[in-house]
Structures are given as C-alpha cells and as structure tokens.
Amino acid sequence: KLTLYLANPPEEVVAVGRALCTLYIRAKLKKCGLFNKKLGLTRVRSAIGSLIACSTIVKDVFPGLSCACQELERMYPKLYSNISRHTGPPPADGSVGVLLAVGHHILRSDPTWGKVVAIYCIAAGLAVDYVRQGQNEQLHVILEDMSELLEDRMANWVHSNGGWYGLSSHCRPQNQEVSVTEYMTIFGLVTAILLVAYFIVRFCVTFGG
C-alpha cells in the first residue's frame with residue numbers, strides 16, 4: 001500500500017487530508033453531543049469527489065489519526081478546548097480563518113507528523129467552539145483553511161514521507177509512537193502560536209471593517 005500511494009499525486013493527498021479533517025470534526029462534535037445533519041458537513045464520498053481509491057486510504061488512516069489526536073488532547077486538555085478563548089471570535093465576514101493563521105505559524109519550519117496531528121486537533125477544537133457559539137458557518141471556513149494548508153504547506157511533505165500511510169505507521173491505534181518529546185515541543189509551539197493568532201484576528205477585526 002505504501003509504495004502504491006507514493007505514486008499518487010499531491011492533489012490526492014489534499015483530498016484525503018480534507019476528508020480526514022471532516023471525519024475528525026464529525027467525531028469530535030458527536031463526542032460532545034453537538035453533531036446534527038444540518039451542520040452541512042459533507043460525507044467522505046463528497047469530500048474526495050471522483051478520487052474513489054482515496055476512500056480506502058481514508059478508512060485505513062483515520063483510526064490512527066483519531067487515536068493520535070485524542071492522545072494529544074488528553075495530554076493537554078486546556079490547550080485544545082475553548083480555543084476561541086485564546087484567539088477571540090473570528091471576523092463576522094469570514095475573511096480571516098483562525099486555523100489558517102495558526103497553521104501557517106506552526107508550519108513555518110518543516111512539517112512533522114506531530115505538527116500535522118496538532119493542526120487536526122485545533123481544527124476540531126475550533127469546530128466545537130463555533131457550533132457551541134451558534135457560528136455553524138465557520139465549519140466551512142475551517143475546512144477551506146485545512147485545504148489551503150494542505151495545498152500550500154503539507155501535501156508535498158506528506159507525499160514525500162509515505163503519504164497518509166506514513167502517518168499510520170508513525171502512530172498506530174494500539175501502539176502510540178508519536179514521541180512524548182515531540183508532543184511537548186508541539187505544546188509549547190501551539191501555546192505561543194495561539195497567542196500570535198489572537199493578535200492577528202484582533203488586528204483584522206479592528207482594521208478590516
């Protein structure tokens with residue numbers, strides 16, 4: 001599977017990555033008792049479009065991604081919940097995506113699987129915050145932000161590091177292999193970046209109107 005997937009183009013990495021984000025947001029909202037069909041989250045088939053082969057990759061990879069995200073959230077529950085408390089509310093016109101701002105800072109240096117997992121945790125945490133605040137339209141912004149991050153910063157790296165199956169081999173559901181050291185590094189990085197994101201969003205709210 002790994003060798004086969006390495007031959008796939010980065011655009012398929014983007015499609016799978018967006019589908020994984022949709023699935024994890026759905027799972028997180030269900031866990032919090034917030035999910036309903038009116039939220040407009042697309043199914044995996046819609047997310048991957050005509051790239052039918054990608055559905056198998058999504059099914060294979062999602063358990064490992066979900067487990068890694070939950071482990072990171074368990075280790076740092078205050079960091080990945082009530083994220084909008086750190087960043088402030090998004091601009092009403094949706095001109096600034098909080099996930100995009102945070103993700104660009106996280107990925108200023110080379111990506112790692114730990115950083116990738118952290119971005120998915122932030123996406124799900126923001127989704128929970130926005131649904132609780134009645135800002136369901138922000139779910140679409142989160143997914144668009146994730147797509148842009150994948151296209152600009154992550155797709156080529158994921159492609160060069162075993163595709164999404166590389167993540168599966170890095171963090172298995174029954175044998176978590178994302179190191180504690182990497183998690184601690186991500187914790188410090190995300191804490192600082194959320195503070196930066198707060199000022200970015202506040203600036204855009206103040207001067208974007």
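# Reading a predicted helical chain

Author: Trp-113 and Trp-164 are both buried, where buried denotes under 20% relative accessible area, exposed over 50%, and partly exposed in between (1.4 Å probe, protein chains only). The model is predicted, with local features needing pLDDT of at least 70 and side-chain atom pairs pLDDT 80 or more, while totals for chains, interfaces and linings use all residues. Residues are numbered from 1 along each chain as its sequence is written, and side-chain values rest on heavy atoms, with hydrogens and water left out.

Reader: What does the protein chain average in pLDDT, and which share of the residues scores at least 70?

Author: The term pLDDT is the predictor's confidence in each residue, from 0 to 100. In the protein chain the average is 77, and 68% of the residues reach at least 70. Residues 1-7 stay under 50, with 17 contacts beyond four places in sequence, a contact being heavy atoms within 4.5 Å. The values for residues 174-181 also stay under 50, and there the model has 14 such contacts.

Reader: How many helices and strands does the protein chain have?

Author: Helices (H or I, at least four residues) and strands (E, at least two) are DSSP runs, numbered from the N terminus. The protein chain has 10 helices and 0 strands. Of its 209 residues, 52% count as buried. Among contacts between residues at least 6 apart in sequence, 81% join residues at least 24 apart.

Reader: How many aromatic pairs does the count come to?

Author: Rings of Phe, Tyr and Trp (its six-membered ring) pair if their centres lie within 6.5 Å; planes under 30 degrees apart are stacked, over 60 edge-to-face, and the rest tilted. The count comes to 3 aromatic pairs. Trp-113 and Trp-157 form an edge-to-face pair, 4.9 Å centre to centre with 70° between the planes. This pair links distant parts of the chain, with Trp-113 in helix H7 (residues 113-132) and Trp-157 in helix H8 (residues 138-160), 44 residues apart. The rings of Trp-113 and Trp-164 have centres 6.0 Å apart and planes at 50°, so this pair is tilted. Because Trp-113 lies in helix H7 and Trp-164 in helix H9, the pair ties together parts 51 residues apart in sequence. Ring pairs link Trp-113, Tyr-120, Trp-157 and Trp-164 into a cluster.

Reader: Where is Asn-82 found, and what is its phi?

Author: Most residues other than glycine have a negative phi. Asn-82 has a positive value, near 50°. Asn-82 is in the loop between helix H4 (54-75) and helix H5 (83-87). With a relative accessible area of 38%, Asn-82 is partly exposed.
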